[in-house]
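Let's take a walk through a protein model together. Have the viewer open, and follow along helix by helix.

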Amino acid sequence: NEIYLNGAFVAPEQAMISVMDRGFLFGDGVYEVIPAYAGRPLRAAEHLQRLENSLRGIGLQAPLSLPEWSNIFVRLLAAEPKMDQALYLQVTRGAAPTRDHRFPAQPAPTVMAMAKPMKARDRAVVEAGVAVVTRDDIRWLRCDIKSTSLLAAVLLRQSAQEAGAEEAILVRDGLALEGSTSNLFIVRDGQLMTPPKGPLLLAGITRDLVLELARAAKIPIQERDIAVEALRQADEVWISSSTREVMPVTQLDDKPLGSGRPGPLWRRVDALYQDFKADLRRA
Ligand code: PLP
């Protein structure tokens, strides 16, 4: 399992960066996680577009072109061609001679990519649904940037873990925006709803795919604000992310949600998502 680092493929023990790297000192970097099924990345172009948006958001030039990234993915995934893997990409503003918040005049970004095995979702967990807790969103106001500055997300997810929950749903000004590492969907009276994209949440690639699949299946969709009361009264709640796919939520702040079981619309959309993956595997 080689790691791509600044133009070379190296063994993990050889993959080293400077302690002066701004990713290490300031969390001054951005990243992506791309799921790949039997060697085929899911929505790679969309993930790389989001990486570019994140880079622009922090004032960094794209270090590699789309075809260059693609070649890296092929090589990283080739070691385990049959397995499902998650590609992890990270670009930081690199090492600078001194620890100075201001950008270095000539930044030399640190570019890293690796592939890790991705476990299939545990069927029993999916069938039971997961528990979530609500938490005040203590993150910054540019959550649309997929930044490696993840301290708020780390503390929030840990807080959920300590409360026996899979995820923390983040609430700002009475609105439920997303999870600490996932996007949020609710179902009410047959309508699928998710908060609109904007600076207060990450535009999930899984979120977009779920909306696309639902739209194609003529499921009514609304991209609109979700008040925390609407979350509590929802018929169904789901979270989505590249590694979780579409996960039903059956408990919110220690109380059962909806029927307390994964809902019928989730079952439909999850089946569409599984079909999409199966097609990708066969492609
Ligand atoms: N929101 C946040 C804060 C995330 O960290 C993530 C991904 O981990 C997501 C949403 C889901 O994004 P994606 O579907 O692209 O994995």
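## Helix 3 and its hidden face

In helix 3, the residues W69, I72, F73 and L76 are buried. Here, helices (H or I, at least four residues) and strands (E, at least two) are DSSP runs, numbered from the N terminus. Buried means that 20 or more other C-beta atoms lie within 10 Å of a residue's own, exposed means 12 or fewer, and partly exposed is in between, with C-beta atoms placed from the backbone. Seen down the axis of helix 3, the buried residues fall within an arc of 105 degrees, so they line one face of the helix. That arc is taken from the directions from the helix axis to the C-beta atoms. On the other side of helix 3, you'll find P67, V74 and A78 exposed.

What do the buried residues of helix 3 pack against? Their partners are strand 1 (3-5), strand 4 (40-41), helix 2 (44-57), strand 5 (85-92) and strand 6 (110-117). Contact here means that the C-beta atoms of two residues, placed from the backbone, lie within 7 Å.

## A word about the model

This is a predicted model, in which local features need pLDDT of at least 70 and side-chain atom pairs count only at pLDDT 80 or more, while totals for chains, interfaces and linings use all residues. Residues are numbered from 1 along each chain as its sequence is written.

## Helix 2

Helix 2 has 14 residues and reaches 20 Å from its first C-alpha to its last, close to the 20 Å expected at 1.5 Å a residue. The expected span is 1.5 Å times one less than the number of residues in the helix. The buried residues of helix 2 are H47, L48, R50, L51 and S54. Looking down the axis of helix 2, these buried residues fall within an arc of 155 degrees, so they line one face of the helix.

Their cover includes strand 3 (29-37), helix 3, strand 5 and helix 6. Just after helix 2 comes G59, with a positive phi of about 70 degrees.

## Helix 5

Now for helix 5 (residues 151-162): its 12 residues should span 16 Å at 1.5 Å a residue, and its end C-alpha atoms are 16 Å apart, which agrees. L156, R157 and A160 are buried in this helix. Down the axis of helix 5, the buried residues fall within an arc of 95 degrees, so they line one face of the helix. Over on the other side, L151, V154, Q158 and E162 are exposed.

Strand 7 (130-136) and strand 8 (167-172) are among what covers the buried residues of helix 5. After helix 5 comes G164, whose phi is positive, near 75 degrees.

## Two nonpolar cores

A nonpolar core is a set of buried Ala, Val, Leu, Ile, Met, Phe, Trp, Tyr and Cys residues joined through C-beta atoms within 7 Å. The largest one has 39 residues, and V132, L231, V237 and W238 have the most contacts inside it. Helix 6 (residues 205-216) gives the largest share of this core, 5 residues. There's also a second, separate core of 19 residues, including Y37, F73, L76 and A115.
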